[in-house]
Structures are given as structure tokens and as C-alpha cells.
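This report covers one protein assembly.

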Amino acid sequence: MPSAPDAAIVRTGLAPYIDMAYLHHGYFFFAPNPGPSHLMDIQLTYEDGNVRHLRLPDHQAQWPRLLYHRHFMLSEFLYQLYRPALSTENGDATQLDPAMREAWYRERKLFERVRGSMEQHLATRYGAKKAEIQLMEHRLPNAVEVFDQKIAINDERLYMLLPDQPQSPGDGANLPQSFNAPRGNMPLPPLTSPGPVFPNRNPSTPGTESVKPPALREPTVEEVRP
Amino acid sequence: MSSPSLPDNPSLRRWFADLVASWNQFWFQPTAPHTLAVIRIFGGAMIAYVHVIWLSQLQDFFGANAWVDGVTSRQLHENDFIRSYLTYVTNPSVLTIHQLLAIAAGVMMCIGYKTRLAIPLAWFLTLMVCHRQTGALFGLDQVVMMIAMYLMLCPCGAVYSLDAYLKKRAGETGDTDSIACNISTRLLQVHLSIIYLFGGLSKLRGDFWWEGSAMWWSVVNYEYQSLDMTWLGRSPLAIALLTHITIFWETFYVATIWPRLTRPITLAMAVCVHGGIALFLGMPTFGFMMIVANLCFIQPSTTRAWVAWLGSRWQRNSPAVPSR
């Protein structure tokens, strides 16, 4: 949400103090809505051509819980910076006015910079030639899915890769590579926001919905980040 | 007949006098340090623990090839006032010494040794880490920094501390009540009220808090979950009630925490909500520290009575030492 002009004046005046004293955060715990989690789907490529997939955060790999949560926050942080590439084919890039294109370019560079730092870290940490991070969204299931369709809350079909490249029409759901479990016959619709929590309790056949490239959006600070 | 002018109006003058007296009493009435000392003990222990965790993954978070390396960290803060020397430091030995010092400061704060030095040191070293670790922080860091920032303003090591023990052994006695303790307590109380107010207001922008489903979307979040509470969803009424009680409590905390009548209920709710976050939503450290922060609304006399009761219970249950 953009700042109001009067709030911006106050913020500017107090910025040195609140920044330096680490008081610059809003208190948006689970606000405005509890939303999906964002994870990293990591592909490590080794000198011998071997490829390994990791997922972060990972309950098993990061312990104690505080360490797990640090990794989880890094993943959410990368998502906050996420600015997907724009398509030149469908005119996304050319339709932007110069100021918006400039803003997108700056934010995209920052996202690439942070992602690059994280990929460099992962390559060094795991002795790989190259590490590639792709962001992944974990959609929250509603009550019908959990109780009637017996879908586990960590079911692989609830995870969806967030495209970093412009998507072609007809691209299906991007399922992450970091899962080894066998897939179900029909992926759940990769909704970008949860549907009603307690809809009609009659089980229905999940429809299919193609993944659209995320629209250019304002920077958000109200991510779910307790 | 003309009415008396404002300065001559006795009721207005009395109102102003009452206002000034209330203001002075609110901020400057000398207060005992017992509640703040308990907050200090838990806050210091948590700061030490936080730095132990950082230390365990020093190269991953601070090294030359850290998740967010120093250059990138500085670039993220080009347009603000967030600065940390740790964005320039990658030497493992220096980083280890830094973290060991921070752990020592946290432990000293906890046990109350050289408290007036230990708390500012713990605050500063943790601040530098927070400024370095953009991206890996969350509510826990906010609350421990808030606690340390206000505790360093007052002599909260005057009781329940090694400093107090050493002073007593040296035969020094003195009044522990101070205006500084009251100021620290009030700042903590006001800050905490603001946290809840804005937490509540920001939730009110979301549909799920209004329609009563937010609790469901919280318990089905696998990445947060530490204990499975999805069974709650079998009762939409229970989910809605829990959601609405939470949002009501959080938004109106700023009002209900002050009257004596509603304060115990508000604090009991804080324990339930944060206890729930600690147990079920995978944030035991954050949930625990929020409960500790809420202690600032407990009167020092009550804290003293509780600690004395706990001390007597402990003495009764500990094995008797045979006399020589």
C-alpha cells in the first residue's frame, strides 16, 4: 500500500532514528490475510553433470526451529523482491510507461542481485558448479480438500513454481522438481489466492487453470511475516 | 454578567492540574525493578540463544559467500540509514569473536552481572547483526530488540541479579525504586500497545479476519505448522470464534490493557494467543518472548510475591543439606 503524503513526511523526518534503532518494521503479523508460503526450489549442477534438487526451508535439514525459521524468512524475503521477467511478445514490456519500466528494471535488478547472492552461496555450500533458485508457492488447501478429498496440507499438488520467464499461452502448472513422491493423476488448480474456506462440502472434481505470468505489482510489505 | 476567562476558570485549572499530575504519575512515579528484572532474565537468555544459532551457521549468514553477501546487503540499504560494520567483515575469527561477545553479553544480561554495561552491549551487538541480516529476521528479533532497548535505560539489575548479590555481600543496601524503572516500564507498555494496535488494524484490511476463516488458513500452513490443528476445521463455528476473539483482542488491546478490570483478561488472552503461536505455529521463541514482553503490565509487587512463592516452593522441594 503506498504511503500517504503526510505519513511520508513523518516517516522521512524520523527515518534516521527508526532505521538506526531497528524500529522501521510494521507489525503485520498474519496480515492482511494469512497467505501461502513461499519456498525455494533449488537445482544444483555438479562438474560431472550430476544434478541435485533441494527445497528450502526444510523441517528435517534445518534444526532447531529458529534456524529453520531463518531459512524460511530468507525464502519469503526473496519472494518479496520477486519481479518476474516481462514478455516482449505479448507487449508487457513495451506497454509500460517509461517511469514504470524504469521502476521495474530497478526492482528486477535488485531481485537478480539477491537471488544471485543466494545462488552463489548455495553453489559454494554444496560444492556445485552452479545453483539455480526458482521460487515456489505453497497454496493453502480449503476444508473440502483436507477433509473430503483427503489432501494432505503438504501434498505436492499444492506446490507451484512461480515462473521467472514469460509464460506461453497453454503452459500448464509448473510442478517443482524437488519432490520425489509420485504425482497424483490430476494436479489441483494452482490458485493464486485461496478460495472459500468452507464452500459446499460436496467433493467436486478440481478444474484446471493455466498459470498466468504474475502481473507487475507494487512492492508489498504486508506479506505474511510474523 | 460575563463568565470568567479561561485562566480564571477554576474547573479548567483543576482539570489542567489533574492532567499534569496524572502525566507525572504515569511517567515519573518511582517504581520497583522486580518485573523488569524478570523480563531482563528471559530477554538476556533469548539474546544469548539467538546468537548461539547465528554462531552455529556463521559462514552461511555472515561469510564471504553468505546467503545475502555484504555487498548485496549494503546495496539493499542504499536509500536508508541501516548500517552495520558486519557487512564488511567476513573473517571467520573476527565473526566468531563478535558472536561470542554477543553471547556473553546476553548471558551477563540474564544473570545480571555488570548489568548497566551488559544490556547496552547486548543491544548494540544484536542491532549490528539485525542490520546485517536483512531477509532472515522476523518478529522475534523485533521483540528482543525492543526489550533490550528499554531495559538499558533503567537499573533492572538491582534485584534478582549477580550484581545485587555482590552488593548485598559487600554490605551495600539502598532503595531499588527509581524513576528510570518507571520510564522503561511505560515505554515498554506503550510500545507493546502500539504493536498490537497496528497488528490488529492491518488484519482488519483482510477479508479472512472479517469472514472468520483466518484461523483455518493459519493452521493449514504447513511451513509454519508445528502441531497439527487442522481438526479444528471440522467446526467452522470454532474457527470463526477463534478468529474473531483473536482480532478483537489484538485490536482493542491498546484500550483493554489499562483498566484494572480488563487487564487480567487481556493478559490471559495474550498468553493463550502467543502460547498457541509458540506451540502450534512453529514459533516457540517468538511466542515466548511476546508473553515475556506482556509481563511489563504486571505490578512489581505482584512479581515480587510470585518470585518469593516460587523461591519458597523450590526450597521446600530441594533436598535438605545436612548440617555439619
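Helices (DSSP H or I, at least four residues) and strands (E, at least two) are DSSP runs numbered from the N terminus. On that basis Gly199(B) sits in helix H9 of chain B, residues 179–203. The model is predicted: local features need pLDDT of at least 70, side-chain atom pairs count only at pLDDT 80 or more, and totals for chains, interfaces and linings use all residues. Residues are numbered from 1 along each chain as its sequence is written, chains are lettered from A and ligands numbered from 1 in the order written, and side-chain values use heavy atoms, with hydrogens and water left out.

Is Gly199(B) buried or exposed? Gly199(B) counts as buried because its relative accessibility is 0%. Buried means under 20% relative accessible area, exposed over 50%, and partly exposed in between (1.4 Å probe, protein chains only). Leaving out residues up to four places away in sequence, Gly199(B) touches Tyr27(A) and Glu250(B). Contact here means heavy atoms within 4.5 Å.

**Chain B**

Chain B has 15 helices and zero strands. Its C-alpha atoms fill a box of roughly 80 × 65 × 55 Å along the principal axes. Of its 324 residues, 50% are buried. Among contacts with a separation of 6 or more, 80% join residues 24 or more positions apart. Chain B exposes about 16,000 Å², with 68% supplied by carbon and sulfur atoms. Accessible areas come from the Shrake-Rupley method with a 1.4 Å probe; for residues, only the protein chains shown count as cover.

**Between the chains**

In chain A, 67 residues contact 68 residues of chain B. Together the two chains bury about 6,400 Å², 66% of it on carbon and sulfur atoms. Tyr22(A), Tyr27(A) and Arg70(A) lose the most area on the chain A side, together 13% of what that side buries. Buried area is the accessible area (1.4 Å probe) that two parts lose on being put together, summed over both.

Two salt bridges link chain A and chain B. In one bridge Asp60(B) pairs with Arg125(A), the closest N and O atoms being 2.8 Å apart. Helix H2 (65–81) is one of the chain A elements giving two or more residues to the side that touches chain B. H2(A) provides the largest share of that side, twelve residues.

**Salt bridges**

A salt bridge is a side-chain nitrogen of Lys or Arg within 4 Å of a carboxyl oxygen of Asp or Glu.

| Pair | N to O distance |
|---|---|
| Arg108(A) and Glu112(A) | 2.9 Å |
| Glu132(A) and Lys130(A) | 3.7 Å |
| Arg83(B) and Asp80(B) | 3.9 Å |

Arg108(A) and Glu112(A) both lie in helix H4 of chain A, four residues apart, about one turn. Arg108(A) is buried at 7%, whereas Glu112(A) is partly exposed at 29%. Both belong to a network of salt bridges that also links Lys109(A), Arg115(A) and Asp164(A). Arg83(B) is partly exposed at 48%, whereas Asp80(B) is buried at 18%.

**A nonpolar patch**

Val107(B), Ile111(B), Tyr113(B), Leu162(B), Tyr165(B) and Leu166(B) form a nonpolar surface patch, with about 490 Å² accessible together. Patch residues have over 30% relative accessible area and no salt bridge; like charges are joined within 9 Å, nonpolar side chains (Val, Leu, Ile, Met, Phe, Trp, Tyr) within 5 Å. H8(B) gives the largest share, three residues. Tyr113(B) lies in the loop between H5 and helix H6 (115–132) of chain B.
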